[in-house]
Amino acid sequence: MPEPLYDACAPDLDMIEDIARATMSDLPPAFKVLASQVSLTVMDFAPEDLLAEIGIEDPFELTGLYTGIPMTEKSSMDQATAPDTIWLFRRPILDEWVMRGNVTLQQMVAHVTVHELAHHFGWSDDDIATIDKWWEYD
């Protein structure tokens, strides 16, 4: 029987970012280049002003967020005021991962990353399911 990991540390921001970037680099070629143009920000929690803007009071309710103009809505006339960004929030991700208990951390982070990319690309649930096998874990 393996020994308990009493000295194990919680995954840090860099580990979450590494998993998200690996997920983005493993996308099919048609999406990989476009995904590389989206900024990625990993924080412990969403900032309070951002939570207020989207009407969420409990910061543990938000594992990720896409901000920007989805590709399906962009026009050549749009003036970008900020880069398209995927935000991942470490503590809510870790909480959901622990509560689920049936997925790896890599699967959890990949799911949130792909879900946020879906907002950027305008993907349907069927599109997401071809890349993210998350539905198999529910």
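Trainee: What covers the buried residues of helix H4?

Mentor: The cover of the buried residues of H4 includes helix H1, strand S1 (39-43), strand S3 (85-89) and helix H5. This is a predicted model, in which local features need pLDDT of at least 70 and side-chain atom pairs count only at pLDDT 80 or more, while totals for chains, interfaces and linings use all residues. Residues are numbered from 1 along each chain as its sequence is written, and side-chain values use heavy atoms, with hydrogens and water left out.

Trainee: Which residues of H4 are buried?

Mentor: In H4, Arg90, Pro92, Ile93 and Leu94 are buried, a label for relative accessible area under 20%, where over 50% is exposed and the range in between is partly exposed (1.4 Å probe, protein chains only). Across the 138 residues of the protein chain, 36% are buried.

Trainee: Why is the pair H1 and H5 called oblique?

Mentor: The axes of H1 (residues 13-25) and H5 (residues 105-121) cross at roughly 60° and come within 9 Å. Under 35 degrees would be roughly parallel, over 145 roughly antiparallel and 65 to 115 roughly perpendicular, with the rest oblique. H1 and H5 are therefore oblique to each other.

Trainee: What is the handedness of the H1 and H5 crossing, and which residues meet there?

Mentor: H1 and H5 make a right-handed crossing. From H1, Met15, Ile16, Ile19, Ala20, Thr23 and Met24 meet Leu105, Gln106, Val109, Ala110, Thr113, Val114 and Leu117 of H5. That contact counts ten nonpolar, three polar and no charged residues.

Trainee: Why are H4 and H5 put in the oblique class?

Mentor: The axes of H4 (residues 90-100) and H5 cross at roughly 125° and come within 10 Å. H4 and H5 are therefore oblique to each other. The crossing of H4 past H5 is right-handed.

Trainee: Which residues make the H4 and H5 contact?

Mentor: Ile93, Leu94, Glu96, Trp97 and Arg100 of H4 meet Leu105, Met108, Val109 and Val112 of H5. By class, seven are nonpolar, none polar and two charged. Just after H4, glycine 101 has a positive phi of about 70°.

Trainee: How do you know whether threonine 72 is buried or exposed?

Mentor: Threonine 72 has a relative accessible area of 57%, so the residue is exposed. Threonine 72 sits in the loop between strand S2 (64-67) and S3. Leaving out residues up to four places away in sequence, threonine 72 touches Phe121 and Gly122, contact meaning heavy atoms within 4.5 Å. Its C-alpha atom is 9.5 Å from that of histidine 119, 47 residues apart along the chain.

Trainee: What makes glutamate 48 buried or exposed?

Mentor: The relative accessibility of glutamate 48 is 71%, so this residue counts as exposed. Glutamate 48 lies in helix H3 (residues 48-54). Glutamate 48 and proline 59 are eleven residues apart in sequence, with 8.1 Å from C-alpha to C-alpha.

Notes: Axes fitted to C-alpha atoms, helices over the stretch in contact; angles between N-to-C directions. Helix = DSSP H or I, 4+ residues; strand = E, 2+ residues; numbered from the N terminus. Left-handed = near helix turned anticlockwise from the far one by under 90°. Nonpolar A, V, L, I, M, F, W, Y, C, P; charged D, E, K, R; others polar.
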